[in-house]
Amino acid sequence: MIFDAVRNNKRVVQVFLALITLPFAFWGIDSYVRDTGAGTDLASVGDSKITMQQFDQAWRVQQDRLRQAMGEAFDAAALNTPEARLSVLNALVDQRLLLLEAAKGRLVAGDNALREVISKIPALQDDGQFSMARYQAALAAQGMSQPQFEAQLRQDLTLQQLVAAIGDTGIVGSAMTDEMLRIQSEERQVSELRFSPEQFAAQVRIDTAAVEKYYQENPKRFEIAEQAKADYVVLSLQALMDKLSVSDAEVSAWYESHKDRYQRAEERRASHILILVDANQDEEKAKAKADGIRRELQEAPGKFAELAKQYSQDPGSAEKGGDLGFFGRGMMVKPFEESVFKLQEGEISGVVRSEFGFHIIKLTATKAGAQRPLAEVRPELEDELKRQTASRQFAEAAEAFSNMVYEQPDSLQPVVEKFDLKMQHSGWLPRDPNPQTLATLGQLGNQKVLTALFSADSLKNKRNTEAIEVAPNVLLSARVAAYQAASSRPFAEVKAGIEAALKEQQAAALARQAGEARLAALQAGTESKADWGPVKNVSRLEGQQLPAAALQAIFRANVNNLPAYVGAEVAGGTYALYKIIKVGQPATVDKQRRDALQREYSTILGQEDFAAYLAGLRSRYKIDINKAALDSKER
């Protein structure tokens with residue numbers, strides 16, 4: 001998606017935007033700050049309404065994002081909860097609050113910023129330069145027009161400006177950073193003494209009565225979950241496409257009748273020198289300066305790049321000698337574009353006035369518009385023709401498939417034969433798999449499929465499930481091939497495992513008791529001999545040296561009197577003692593680490609500031625949420 005490239009500009013802005021789950025949906029700033037008066041209102045923010053249509057669009061976008069993230073594990077029904085719907089609506093409320101504030105402060109991303117961002121999106125470049133043909137193709141692939149995309153991008157940039165302005169207030173001073181760094185980098189010199197369960201295993205005795213008692217008191221631990229094997233068939237648009245072929249005649253006929261779709265628009269490459277004009281600058285002085293530069297160029301046209309670097313006030317192009325790369329019609333403001341497309345290659349324009357200021361433009365190269373040849377576009381043409389045919393076939397087949405698995409519920413063989421499908425067979429499927437297991441089940445890893453498969457109709461009546469959409473344009477129907485009810489593993493089968501687990505528990509308890517007794521003696525000063533391990537330096541910054549529980553105990557310890565002793569239970573039931581011998585600071589602290597720490601805390605403060613800003617907006621605007629409409633709406 002080209003929006004993804006846009007939003008990769010600034011890390012801190014992404015962090016703050018994530019707090020309100022942006023982006024969800026865009027309709028342009030004007031639609032936010034005026035009352036649309038259409039549809040059922042789900043919420044109001046001041047005088048601005050959030051309609052059912054706007055919520056539906058945001059909901060669809062969120063579902064699409066989750067579907068892409070979760071793949072085959074995605075289940076729209078399972079995620080369609082009141083909490084999820086309210087979360088989406090609250091995100092829209094936060095968006096609306098920000099856009100209302102942006103409109104109130106007349107904060108809008110300008111055309112220059114818009115052009116700069118679009119021209120730098122890698123997906124829209126050809127050989128490192130902006131390509132209008134790529135731009136138009138990318139928009140067509142997303143079903144968007146150029147004005148729609150640019151309105152959405154302008155809104156996104158406006159929000160980024162507002163969010164960045166708030167986030168930049170999260171500044172941590174050097175003194176605070178130094179103090180935090182001092183705490184984080186403090187080193188404590190320690191030795192370790194471990195009491196492991198293995199040391200006490202020989203002392204443990206477990207009788208059969210204890211094993212039987214554990215078995216009786218923990219039946220869930222030995223339960224074999226309900227499970228089934230399934231036969232299933234899948235009807236998909238892609239499978240239909242794979243079976244299709246198109247003739248050369250069809251491809252040629254389509255190409256000839258749609259040639260206008262395969263045109264490369266004319267593109268021009270230009271450089272410019274910009275003298276800005278804004279509220280703080282005198283227009284006559286700016287014009288006089290531009291005229292003076294133009295006179296210099298009349299005397300020495302070859303110095304254009306040099307003068308652009310010296311005088312141009314467009315930071316994005318000045319350092320490149322004013323070069324703007326290739327662009328097509330519609331990419332630049334109108335006076336600039338009109339001038340560029342009148343120039344001959346190598347020609348320099350007069351002084352051109354636009355909304356940004358005064359430009360002097362040099363046309364450096366042209367790419368004539370051209371028809372893309374059939375050989376170049378053949379693969380996409382064939383794919384499009386196949387998709388068109390397959391889409392028609394799938395629409396018809398989907399209805400027939402759904403009816404057949406329902407009307408002939410005792411077998412999937414009729415749909416296998418009618419639609420030339422492959423009968424597929426699963427392994428054992430649990431009724432209620434955890435998310436990790438669900439993700440391994442492929443197309444059957446869909447909660448709606450599993451619910452249907454384990455329903456009474458499937459289990460008792462041995463019927464096909466309904467046709468279930470497991471992905472866009474993918475239908476699946478299944479039937480139970482084998483079934484095992486939930487049961488318990490017999491005592492004889494699990495006896496040895498229970499006995500081993502109880503031994504481990506008791507050995508770990510003995511290790512802890514011994515460790516705590518030794519710790520008490522050390523802290524009382526009545527024990528001095530111990531087989532301590534080698535001395536090592538530990539710090540919060542280098543916490544991976546020790547288990548987290550041990551590190552917490554060491555840095556919670558009172559170190560007024562050394563040596564100090566602490567204990568902690570670490571991995572595998574081991575109890576560890578630590579003797580703290582010395583406390584100090586490292587001789588030097590890495591500058592990169594210091595800078596990273598300062599950035600981290602600045603981001604945290606910025607997030608807190610942003611959350612407080614949103615809370616303040618919510619208190620200043622009257623917000624009404626129609627919760628009844630939200631909860632009752634069937635989605």
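Glu380 is partly exposed, with a relative accessible area of 37%; partly exposed here means between buried (under 20% relative accessible area) and exposed (over 50%), computed with a 1.4 Å probe on protein chains only. The model is predicted, so local features need pLDDT of at least 70 and side-chain atom pairs count only at pLDDT 80 or more, while totals for chains, interfaces and linings use all residues. Residues are numbered from 1 along each chain as its sequence is written, and side-chain values use heavy atoms, with hydrogens and water left out.

The side chain of Glu380 meets that of Arg372 in a salt bridge, at 3.2 Å from N to O. A salt bridge is counted when a side-chain nitrogen of Lys or Arg is within 4 Å of a carboxyl oxygen of Asp or Glu. Side chains of opposite charge can pair when their charged atoms come close. The structure contains 23 salt bridges. In one of them, Glu256 and Lys259 meet through their side chains at 3.4 Å, N to O, and Lys259 is partly exposed, with a relative accessible area of 32%. Salt bridges also link Asp248, Arg378 and Glu382 in a network.

A further salt bridge joins Glu516 to Arg512, with the closest N and O atoms 2.9 Å apart. Both residues belong to helix H23 (residues 491-524), and because they are 4 residues apart in it, about one helical turn separates them. Helices (H or I, at least four residues) and strands (E, at least two) are DSSP runs, numbered from the N terminus. Glu516 is partly exposed, with a relative accessible area of 34%; Arg512 is also partly exposed, at 32%.

An open sheet of 3 strands has the order E2-E1-E22 and antiparallel pairing, where two strands pair if DSSP finds at least two bridges between them. Strand E2 (48-51) and strand E22 (623-625) stand at the edges; each has a single partner strand, so one side of each lacks a neighbour in the sheet. From one strand to the next, the twist averages 20°. Strand E1 (residues 41-45) runs antiparallel to E22 and is joined to that strand by 3 bridges. Ser44 has Asp624 as its bridge partner in E22.

Helix H4 (residues 52-70) lies across E1 and E2 and runs at about 55° to E2. Contact means heavy atoms within 4.5 Å. Axes are lines fitted to C-alpha atoms, for helices over the stretch in contact, and angles run from 0 to 180 degrees between N-to-C directions. Helix H6 (residues 82-104) has 23 residues and spans 33 Å from its first C-alpha to its last, close to the expected 33 Å; the expected span is 1.5 Å times one less than the number of residues. Arg106 follows H6 and has a positive phi, near 55°.

Most residues other than glycine have a negative phi, and most peptide bonds are trans. Lys462, which is not a glycine, has a positive phi of about 55°. Lys462 lies in the loop between helix H22 (456-459) and strand E16 (468-471) and is partly exposed, with a relative accessible area of 43%. Asn473 also has a positive phi, near 60°. The loop that holds Asn473 is between E16 and strand E17 (474-484), and the relative accessible area of Asn473 is 36%, which makes it partly exposed. Leu562 and Pro563 are joined by a cis peptide bond, with omega about 0°. Pro563 is placed in the loop between helix H24 (548-556) and strand E20 (564-569).
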